[in-house]
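Here is a friendly walk through one model, with an eye on charged pairs and nonpolar packing. Have the viewer open as you read.

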Amino acid sequence: MLKRVFLVEDEIVTREGIRDNVDWASTGFEFCGEAPDGEMALPLIEATQPDVIITDIRMPFMDGLQLCKMVRRRMPEAKIIILSGHDEFEYAQEAVKLGVAEYLLKPVGVQVLQDTLKKVALKIEKERREKQSLRQLQEQVEENRTILRERFLLRLAMGAVSPSEALEKSQDLDLELVARCYLVVIFRIDLGHEQVDFFEYRQVRRDIAALVESNPDVFLFKKDLEELVLIVKGDKPEYLEQQGYLLTELIRDELNTGTANCLEMGIGNTQTRIGDIHVSFSQALAQLESGSSRTDHPDSAAAKAELLKLDKTAVADFLRCGVIEEFDAFFEAYSHPLSELAFKSSTVKSYVLVDLVLTTARFIRELGGSVDQVVPEINRIESLLQNTNSIETFKNQSRRILASALAFRDGRANSQYLEIIHQARAFIDDNHGKPNLSLNEVAAQVNLSPNHFSTVFSRETGETFKEYLTALKMRKAKELLRTTSLRSSEICFLVGYNDPHYFSHVFKKRTGLSPTEFRMLIQAEMSELR
């Protein structure tokens, strides 16, 4: 693939002479743009992202040295070739300090410039190979670390690790395992159907991981193709037991129970020693194998009878259409089926409160908001549960959570930028495959200055333009890897990247797998299912 070169020269004859007479392709480059001074060059350089910049050292408005400083801050990997006159030694010294790749004296012959470009191209290739080797080494280390964690957790659950070894090994693997009590939950995704929807099965696994990945007290690992295991830690046995049963109920509700893949669950008893985690694991496995109810908490029968009285859609409907002035009437209708005695049930309390928080969080996420900012309670469920011991305290907690969500909803509806963000997202979605799609281009589409658009986009969506674009490209890449036989280098260009190595690096950082590994995993699991 050809590298890109940009020329900055104020003398038009010199600029056109270099542009038109250098055989760019023979040097391994393509000419991607030109400008008469640094000030005009900078936005063009940011838009075209050249690998090499050739610049005169003395120019009006913004000279070559000022341009070098700006480029170094924004594009540290770009190579710079300085063109200088004989009487500019001090400039040359400064250029050396800025780390320019080459320094050529005017007048510059075509052959000299071509030889210099070939030399710089070799430097770029060498650096890219070294960085790729380093990335591969880092990726291999992280991949090995992930595998070691899974193997360690499985050995711990099966009782093959002594307490002292468990504590020592967990520190080596950056696993914060120390706690007062532990509990094990096992999920089995039943694949005993004549025809298995593999992608649905994969989605079930991803959904379970998404529900627990942000919880530092839950460790998820795969036992085999059909079974996932959770080791849950906590401070109080009675509270941990509640959380274990609540977790299974929430996962069951979050996943559509009508899916082709049948999800079964087993849960062990709370253990107070790390060396007894295997006991809870055995209990969970035995419960799973026995076919008994996976979520029969001691008070679950009565709790479920009470929970069946609740209107499951009431909270979502209030969030969509209600106003805070109607909260008292809403709460009275919503909570009326629950008696004060029923609410003292830990299962009822946990289920109703967590369901309200999760429903509100989903609503905020659908509106494009930041859940952590609007519903901070999602990160302190334990404290919320401990401080809610009656319907009255539940009402106060609910009012605060729903009021925050309604204020955000109304603010979004009244935002003058709502349509602008919608237009910007549509344009980004349609043009994400363009390798040079820039914030400036999107800002121009919605008639805002780049700086103003950047601020508005981040504030209204909760993520930067770059974060949004990268996430979109990664989703498209995964879709192509799953559904086509295209090489990853081809997919790289289809989703808007010029450099397959950089694409692979971003993909690995986002998914934990390289594109090749991602496809191999899909193929391997498809093969296992045949």
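Does Glu-125 count as buried or partly exposed? In this predicted model, Glu-125 has 30% relative accessibility, so it counts as partly exposed. Its salt-bridge partner is Lys-3, which counts as buried because its relative accessibility is 6%, under the 20% cut-off. Lys-3 belongs to strand β1 (residues 3-8) and Glu-125 to helix α5 (residues 110-157), so this pair ties together parts 122 residues apart in sequence.

**Salt bridges**

There are 22 salt bridges in the structure.

Lys-106 sits in the loop between β5 (102-105) and α5, while Glu-9 sits in the loop between β1 and α1 (12-21), 97 residues away. Both Lys-106 and Glu-9 are buried. Elsewhere, a network of salt bridges links Arg-15, Arg-19, Asp-20 and Glu-34.

**Nonpolar core**

Now to the nonpolar side. The largest nonpolar core contains 31 residues, and those with the most contacts inside it include Val-315, Phe-330 and Leu-402. Several helices supply at least two residues each, among them α8 (237-254), α12 (327-335) and α17 (391-414). The most comes from α14, which gives eight residues. Beyond its neighbours within four places in sequence, Leu-402 is in contact with Val-315, Phe-318, Leu-319, Phe-327, Phe-330 and Thr-360.

Methods
Residues are numbered from 1 along each chain as its sequence is written. This is a predicted model: local features need pLDDT of at least 70, side-chain atom pairs count only at pLDDT 80 or more; totals for chains, interfaces and linings use all residues. Side-chain values use heavy atoms; hydrogens and water are left out. A nonpolar core is a set of buried Ala, Val, Leu, Ile, Met, Phe, Trp, Tyr and Cys residues joined through side-chain atoms within 4.5 Å. Buried means under 20% relative accessible area, exposed over 50%, partly exposed in between (1.4 Å probe, protein chains only). Helices (H or I, at least four residues) and strands (E, at least two) are DSSP runs, numbered from the N terminus. Contact means heavy atoms within 4.5 Å. A salt bridge is a side-chain nitrogen of Lys or Arg within 4 Å of a carboxyl oxygen of Asp or Glu.
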